[in-house]
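Q: I have a structure open and would like to learn how to read it, feature by feature. Could you walk me through it?

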Amino acid sequence: MRAQHRELIDGDDEWRCRGRCSRSLVLLVGSVTLTTQLLLACFVLDRESASSTAWLQIDVAKLTAMINGTEALTTNAPHGRDELLGGLLPAGMDRRSCRSRYESWRYYKHFPYAASPHLQRKLRAYEARHRQCAPGTPLYVKSVEQLRSGRSAEGMECNYVVWLPFDGLGNRMLSMVSGFLYALLTDRILLAVLPPDSADLFCEPFPDTTWRLPVEDFPVANLVPPRGQDIEEYMRLPVTNLLGVGQDIEKSYTRLLDAKVIGPAANATAGVPPYVYLSLGWQLKDLLFFCGEHQLVLAKVNWLLLYSDLYFAPSLYTVAEFQDELRRLFPAKESVHHILSRYLLHPTNPVWSMVTRYYRLYLASASWRIGVQIRMFSFTSISADDMYNQILACSRQEHILPETDADNDEAVATGGHGYGSGSNNSTAIFIASLYGDYYKRLRSRYSDQHAAKGTSARVGVFQRTHEERQATQNLAHNQRALAEIYLLSFSEALLTSGLSTFGYVSSSLAGVWPVILLTAFDHKVPETPCRRAVSMEPCNLKPPQGMECRGKPMDIEGLARHVGVCEDFKDGVKFFY
């Protein structure tokens, strides 16, 4: 693979030198049936990589300035156009140990939302609390000893939510952000279990401390799936088989409720268990987690072990006790993941070097960058020809990719969408996919003999890797995939695949409303090739339905104004504005 990758880059060098849809959805929240008009866009699993290509005539003086750090790489940044992202990030963290934290702002093209003053205060208070309670501190030692005692205790200075790894990289990033939001809302400390496949992906997010749980000394075993477990096979396991591969079902909240070990009706004299598993993954067994009266119960548990591969942040709004705080933290509801992901997730130096090196060599000189992320699942597979034709049909519908002289005269010209404009007059299309076929087809489409229609713009097509299959438990594979997520996020415009968490994370980090390729359910090419997203928020694939909450009533009308059906998944919901 390395030899193939080098060959592609060398070949590229030679060329470079040469020249509101709405739908009704019923959500059951508490004992009230909430019917809302909803919008559209989504994800499930995902991970990609690609193979490389390059193109344009490079402005050597401009590129040298970029490499030397004397020229900013960003444009159009009304909010947070500085290294602290407008006060979102803490000042004074070590720059050398995590270069991406204070450099990423130079690469992002969009800054649609700034962190609210209330969120900034909340984050600074959280950082101080995390320093007091993190592994290695006396308070952490005290909390672990209490865990070993076999019961939770009242009045503990530090309570925790422990994030457990599950599914592919995109899913993990979404559940990390969701878990962190829950920690903010409940004054808990977020700790992460990072197996070898994730050990060198993200920097420490909080100043002067760590978020890594030292699993070797932790009293609870079996926190991660076994190495070598195929991820798609793992996802198909029935819940009864998950014991010992990342989740102790007997300690899940629902099981403990059924056994009357915990809950509103439990015998208080029996004591509160020392920890509880939260099964908030794709099977979503602990639905009652999203009820206010059960949050009051969980508040008494010192350690919560979070098992999720979903973006469940929107479902936290169904907890009445959280709603006022969420409004103050995020006045614009579609900003939740965008802001928190830019705060929490920063690639480590090895990953960041991959990102910046590739960006500067192949993408920086363009006046317009388009990210194209292509993901196909086994249950939605279609032929490469059908997928490529769907991409072109989508482009004609939404005017994403530049038209060429080969397109028919009825095609809409590219002017007005940003590409091919400015003195540079060049467009870079970056492909992220497990497969190289789409890159080859698009490269041929935009070869020298096919200039962008009606303009003199040059178009380059690039793909960094194409690894053919997902390898979630391989660190190097995950690092390359993370690099491509960030390369996509540095685009002015995005075309992503439906049901792909990889695409949703990229869009949210970018601050872009992407165009989403609709999914070929039952292996049938959709009549409508794609839809433009109405929000940069990821889709909540599995919103809670069917549970009966008996606590404080939620603001149903206020929430309904901001909830929509995901563009490509009728059972998912997302937030907008």
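A: Happy to. Keep in mind that this is a predicted model. Let's begin with the aromatics: ring pairs join Y107, Y108, F111, W352, Y359, Y486 and F490 into a cluster.

Q: How many aromatic pairs does the structure hold?

A: There are 30 aromatic pairs. Take Y107 and Y359: their ring centres are 5.2 Å apart and their planes stand at 80°, so this pair is edge-to-face. Y107 sits in the loop between helix 3 (99-103) and helix 4 (117-133), while Y359 belongs to helix 13, so the pair ties together parts 252 residues apart in sequence.

Q: Are Y107 and Y359 buried or exposed?

A: Y107 and Y359 are both buried. Now try Y182 and F322: with ring centres 6.3 Å apart and planes at 70°, that pair is edge-to-face as well. Y182 is in helix 6 and F322 in helix 11 (residues 320-329), so here the parts tied together are 140 residues apart in sequence. Y182 and F322 are buried too.

Q: On to the sheet. In what order do the six strands lie?

A: The general idea comes before the case. Strands of a sheet pair through backbone hydrogen bonds, in either a parallel or an antiparallel way. In this model, six strands make an open sheet with the order 9-8-7-10-11-12, and the pairing is mixed. Strand 9 (458-463) and strand 12 (530-532) are the edge strands, each pairing on one side only. From one strand to the next, the twist averages 15°.

Q: In which sense do strand 7 and strand 8 pair?

A: Strand 7 (residues 368-374) and strand 8 (residues 426-433) run parallel, with seven bridges between them.

Q: Which strands does helix 13 touch?

A: Helix 13 (residues 349-363) packs on the sheet and touches strand 7, strand 8 and strand 9, with its direction at about 155° to that of strand 9. Helix 15 (residues 437-445) also lies across strand 7, strand 8 and strand 9, and runs at about 165° to strand 9.

Q: What should I look at when I read a single helix?

A: Start with the geometry. An α-helix has 3.6 residues a turn, so residues three or four places apart point the same way. For the case here, pick helix 16 (residues 475-489): its 15 residues reach 21 Å from first C-alpha to last, close to the 21 Å expected at 1.5 Å a residue.

Q: How many residues of helix 16 are buried?

A: Helix 16 is mostly covered, with 12 of its 15 residues buried. Among them are H477, L482, I485 and Y486. The buried residues pack against helix 6 (169-186), helix 13, strand 7, strand 8, strand 10 (493-497) and helix 17.

Q: Let's finish with one residue. Where is S508, and why does S508 count as buried?

A: You'll find S508 in helix 17 (residues 501-510). Buried means under 20% relative accessible area; S508 comes out at 0%, so it counts as buried.

Q: What does the side chain of S508 make a polar contact with?

A: The partner is the side chain of H337, at 2.7 Å. Leaving out residues up to four places away in sequence, S508 touches H337, H338, S341, M536 and P538.

How values were computed:
Residues are numbered from 1 along each chain as its sequence is written. Side-chain values use heavy atoms; hydrogens and water are left out. Two strands pair if DSSP finds at least two bridges between them. Helices (H or I, at least four residues) and strands (E, at least two) are DSSP runs, numbered from the N terminus. Axes are lines fitted to C-alpha atoms, for helices over the stretch in contact, and angles run from 0 to 180 degrees between N-to-C directions. Contact means heavy atoms within 4.5 Å. Buried means under 20% relative accessible area, exposed over 50%, partly exposed in between (1.4 Å probe, protein chains only). A polar contact is a pair of N or O atoms within 3.5 Å; within protein, one must be able to donate a hydrogen and the other to accept it, and residues adjacent in sequence count only if both atoms are side-chain atoms. The expected span of a helix is 1.5 Å times one less than its number of residues. Rings of Phe, Tyr and Trp (its six-membered ring) pair if their centres lie within 6.5 Å; planes under 30 degrees apart count as stacked, over 60 as edge-to-face and the rest as tilted.
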